Every structure is written in structure tokens, then in C-alpha cells.
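Hello,

Here is the structure I promised to pass on. Have a look at it first, and my notes follow below.

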Amino acid sequence: MSVAGICALAVCAAIIALSLREMRPEMARLLALAASLVVMGAAVPMAAEFVAALKDFSLISRPMTQFLRPMLKVTGVAYIAQFAAELCRDCGENALAGRVELAGKTAVALMSFPIIKDVFLKLMNFL
Amino acid sequence: MDVDLIFQIAGVGIIVAVMNQLLTRSGREEQAMMTTIAGLVVVLIILVDKIGELFATVKTVFGL
């Protein structure tokens, strides 16, 4: 689906959710969840293409492949954590959204630790 | 992840809203509450496997 289609879809869903909001607030939130699912469903194939291109590119530059896997995993965790945190915030649960983001940051820190360790080791050898 | 998911959920939402108003106006509050809960459950059932599908796609794409 093109970006224009995604934008039009998101605006329509927002308007429908707005009309539902005062009658049935929870249905409006569920409609917002459904709309974000559809938009993510359209965005993920684009990300898949980008990841494939990135993988082809990394065959050329050897050091790149070592860091590519953690980078992609971090992006994936960010995708999902952002998705959940924004939806919690949309439902008015700011504390819950903060906790989800904290969990996402912790997972990202854990996944990016090998890269940090590698950089420090190289730095030590260099000095 | 096709577009009619949104209109499906919107349809259920509107039907539940109208039924709720109808039932509360005619004095049956508890049935109105039951309708709301039923609508909520239906929508959640539809959405849960869509969410699972999306997360599975993200996992395969990013190698999680």
C-alpha cells in the first residue's frame, strides 16, 4: 500500500474513532488499535525490503555483518515496544506506557551489549 | 492486514453503541451492559490474532 493510502486510511480511522469516542470510549480505542495494526501491516513489508537491501549491502563490507544482526534485533524491539507504549498512552495509561518503554530500553541495552564490549576492546587495544 | 479490518471493528462498535443506547432508553440497563461486554469480547477476539500475526511478521523480518 502506498504512503498516501496509509495516510488516508489513518485519517479516516481517526475520524471514525472520534465519532465513537463519546458513545463508547473503549470501542474507539479498539478501533485505534485496529487502525494501527493495519498501518503497521503496511509498514512492515517496507521494512522487510529495507532489511533485505541492508543484508545485500553488508556482504560487501565485512565488519558491517557482525553488527548488523544486533542492530536489526534492536530495531525490531523498538518497533514492538513503541507500538505497545503508544497504545497504552492512547488509552490514558501513561504509567503503563512508561513501564513498556522501560522494558523495551532494557531489552535494547541487553542486545546492544556485545557491540559496546567490542568497541571497548578495540579501544583498549588502540590505546 | 487488509483495510476492512478497520471497518469491521467500526461496524461492531457502532452497533454496540446503538444497541446500548436503545437498551438503556427502554429501561434494560443490565442487558445494555451485557451487549457492551459482548461487543468488546468479539472485537478483542478479532484483534488478538491480528496482533499475533503482526508480531510474528516483525519477529521474522528483524530476526528476533
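**What the interface shows**

On the side of chain A that touches chain B, helix H1 (3-21), helix H2 (25-60) and helix H3 (62-90) of chain A each supply at least two residues. H2(A) gives the largest share, 15 residues. By type, that side of chain A has 25 nonpolar, 3 polar and 4 charged residues (nonpolar: Ala, Val, Leu, Ile, Met, Phe, Trp, Tyr, Cys and Pro; charged: Asp, Glu, Lys and Arg; polar: the others, Gly among them). Helices here are DSSP runs of H or I with at least four residues, strands runs of E with at least two, numbered from the N terminus.

Please keep in mind that this is a predicted model: local features need pLDDT of at least 70, side-chain atom pairs count only at pLDDT 80 or more, and totals for chains, interfaces and linings use all residues. Residues are numbered from 1 along each chain as its sequence is written, chains are lettered from A and ligands numbered from 1 in the order in which they are written, and side-chain values use heavy atoms, with hydrogens and water left out.

As for chain B, its secondary structure comes to 2 helices and 0 strands. The C-alpha atoms of chain B fill a box of roughly 55 × 20 × 10 Å along the principal axes.

Best wishes
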